[in-house]
Amino acid sequence: MKSVVRACALVLLAIVLWGGVHPAMAANGDLVEVFIDAREPAYVIYQGVAEDTALAARQEMAGYATLEGISLVPWAQFSANVRAFIAPGIVKNEYPGERTALGLLALLKAHPGRPVAITWNGGIATTFFDFQHAVEVYEAYLENAAGYENSRRERNEDDPLDPDTQIRAMLGG
């Protein structure tokens with residue numbers, strides 16, 4: 001059953017990632033809402049919704065927001081309380097400080113319509129492989145926390161979930 005749930009989650013993730021870069025959903029206006037999908041324990045997906053996002057896309061997101069674990073939050077509320085929104089999904093914060101929360105806000109504003117995830121360990125995931133890696137390391141942590149700690153990467157540039165690495169890559173800095 002666990003593999004079926006994971007397969008369904010990966011299919012939905014692929015759809016969301018495709019949708020996030022689909023021209024009808026990618027918009028350059030001011031953000032008005034944030035679409036949040038918190039159904040996967042290894043990461044929570046956040047997607048900015050701009051004011052000029054296609055009506056059909058906004059209606060589809062509103063429909064998904066009726067499902068358990070999915071919500072649509074006004075941008076003003078989200079940006080004023082970003083730490084409170086991301087904290088419940090972080091099981092073990094391996095990247096303390098403000099960079100994850102502030103980085104998420106910057107990424108959502110810079111790339112409205114593109115899904116960005118905050119991972120169980122406080123990292124940032126932006127690609128399918130990042131999402132998959134987050135699931136794998138979360139499962140390793142759950143199976144053997146001490147073994148997981150011993151296997152952690154020492155250099156940030158080797159860590160695909162490191163917020164600084166992700167923010168630099170996405171913002172070109």
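1. A quick definition to start: the expected span of a helix is 1.5 Å times one less than its number of residues. Keep in mind that we're looking at a predicted model here. Helix 6 covers residues 128-143, so 16 residues in total, and runs 23 Å from first C-alpha to last, close to the expected 22 Å.

2. Staying with helix 6, have a look at which residues are covered. The buried ones are Asp130, Phe131, His133, Ala134, Val135, Val137, Tyr138, Glu139 and Tyr141. As a reminder, an α-helix has 3.6 residues a turn, so residues three or four places apart point the same way.

3. Now the strands. Strand 1 is mostly covered, with 5 of its 7 residues buried. Strand 1 pairs with strand 2 (residues 43-50) in the antiparallel sense, through 6 bridges, and the two make a hairpin with 5 residues between them.

4. Strand 1 has another partner: strand 3 (residues 70-74) runs antiparallel to strand 1, joined by 5 bridges. Here Glu33 has Pro74 of strand 3 as its bridge partner.

5. Glu33 also turns up among the charged pairs. How many salt bridges does the structure hold? The count is 6. In one of them, the side chains of Glu33 and Arg58 meet at 3.6 Å, N to O. This pair links distant parts of the chain, with Glu33 in strand 1 (residues 31-37) and Arg58 in helix 2 (residues 55-64), 25 residues apart. Arg58 is partly exposed, at a relative accessible area of 26%.

6. Next, Glu149 and Lys92 form a salt bridge, with their closest N and O atoms 2.8 Å apart. Glu149 sits in helix 7 (residues 145-151) and Lys92 in the loop between helix 4 (82-86) and helix 5 (99-110), so the pair ties together parts 57 residues apart in sequence. Glu149 counts as partly exposed, at 33% relative accessibility.

7. What does Arg99 pair with? Arg99 forms a salt bridge with Asp164, the closest N and O atoms being 3.0 Å apart. Because Arg99 lies in helix 5 and Asp164 in helix 8 (residues 163-171), this pair ties together parts that are 65 residues apart in sequence. Both ends are partly exposed: Arg99 has a relative accessible area of 27%, and Asp164 comes in at 26% relative accessibility.

Definitions and conventions
Residues numbered from 1 in each chain as written. Predicted model: local features only at pLDDT ≥ 70, side-chain atom pairs only at ≥ 80, totals over all residues. Heavy atoms only, no water. Helix = DSSP H or I, 4+ residues; strand = E, 2+ residues; numbered from the N terminus. Buried < 20%, exposed > 50% of the residue type's maximum accessible area, 1.4 Å probe, protein only. Salt bridge = Lys/Arg side-chain N within 4 Å of Asp/Glu carboxyl O. Pairing = 2+ DSSP bridges.
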